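Reader: I am new to this structure. Please take me through one part of it closely, the surroundings of the ligands.

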Amino acid sequence: MKLTIVEYPDKRLKEKSKTIERFDKELHQLLDDMYETMISSNGIGLAAIQVGHAKRVLLLNIPDENDEQSIESLIEMINPVITQKSGVTTYQEGCLSVPSFYEDVDRHESITVNYQDRDGNTKSIEADGLLSIAIQHEIDHLQGILFIDKLSYSRRKKFEKEYKRMQKEKKCSKS
Ligand code: QAP
Ligand code: CO
């Protein structure tokens with residue numbers, strides 16, 4: 001089932017997500033619904049709070065060299081923790097919860113993440129490139145942090161202005 005994406009400035013996006021303790025059918029259903037929601041919204045990453053569930057759950061599906069997304073490369077992370085980080089990189093990020101806005105954000109270049117899979121097995125992954133950026137963006141969601149919270153004061157102002165104008169245009173096109 002496709003779920004509704006929570007969009008900024010909804011306060012739920014500021015909530016801190018809770019650790020998963022039961023790796024049951026309910027969790028598996030949430031993961032499947034999140035996947036359907038992410039793919040049909042053209043996303044490459046999604047955190048559970050973006051569909052209204054304050055749980056430490058996220059998905060990543062980075063496109064391959066031919067820019068194609070495949071379920072083979074889907075990564076499901078439960079209770080992720082960054083254990084190592086190095087370097088700095090900048091990327092123009094976007095977010096399904098902040099539609100049609102993109103801005104440069106600084107991240108760690110390479111990271112190591114410990115997490116659990118849908119059955120509760122402990123995993124570890126070393127990531128760099130877009131996967132590393134995406135993981136950091138999604139883990140931020142679990143702390144209630146959006147990429148726009150990382151912008152400088154002046155860029156944040158620019159965002160608020162542009163975003164408010166867009167919301168108005170959306171409303172007008174409906175009526
Ligand atoms: C997070 O973001 C991310 O504005 C995932 O109109 C961001 O999937 C990972 C999207 C940057 C790596 C680098 C955004 C789709 C998707 C939009 C997304 C939109 C339609 C964002
Ligand atoms: Co996001």
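Author: Start with the space taken by ligand 1, which is the largest pocket. On a 1 Å grid over the protein atoms alone, a pocket is an open set of points with protein on both sides within 12 Å along at least five of seven lines. A molecule sits in a pocket if more than half of its atoms lie within 2 Å of its grid points.

The model is predicted: local features need pLDDT of at least 70, side-chain atom pairs count only at pLDDT 80 or more, and totals for chains, interfaces and linings use all residues. Residues are numbered from 1 along each chain as written, chains are lettered from A and ligands numbered from 1 in the order written, and side-chain values use heavy atoms, without hydrogens and water.

Now the shell. Ligand 1 is surrounded by 19 residues, where near means that a heavy atom of the residue lies within 4 Å. Gly-43, Ile-44, Gly-94, Ser-100 and Tyr-102 are the closest. By class, 10 are nonpolar, seven polar and two charged. Here Gly counts as polar, while Tyr and Cys count as nonpolar.

Helix α2 (129-142) and strand β3 (75-93) each supply at least two shell residues. The most come from α2, with five. Helices (H or I, at least four residues) and strands (E, at least two) are DSSP runs, numbered from the N terminus.

Next, the polar contacts, pairs of N or O atoms within 3.5 Å. A polar backbone atom of Ile-44 is 2.8 Å from an oxygen atom of ligand 1. For Ser-100, a polar backbone atom is also 2.8 Å from a ligand 1 oxygen. Tyr-102 uses its side chain: an N or O atom there is 3.0 Å from an oxygen atom of ligand 1. Taken alone, ligand 1 exposes 510 Å², and the protein buries 85% of that. Such areas come from the Shrake-Rupley method with a 1.4 Å probe.

Ligand 2 is a cobalt ion. Cys-95 (SG), His-137 (NE2) and His-141 (NE2) coordinate the ion, at 2.1 to 2.2 Å. Donors are N, O and S atoms within 2.8 Å of the metal (3.2 Å for Na, K and Ca); water is not among the atoms, so sites may look incomplete. Along the chain, the donors follow the spacing C-x41-H-x3-H. Both histidines, His-137 and His-141, lie in α2, four residues apart, about one turn of the helix.

Key: A polar contact is a pair of N or O atoms within 3.5 Å; within protein, one must be able to donate a hydrogen and the other to accept it, and residues adjacent in sequence count only if both atoms are side-chain atoms. On a 1 Å grid over the protein atoms alone, a cavity is a set of points where a 1.4 Å probe fits but cannot get out, and a pocket is an open set with protein on both sides within 12 Å along at least five of seven lines; lining residues have an atom within 4 Å of a point.
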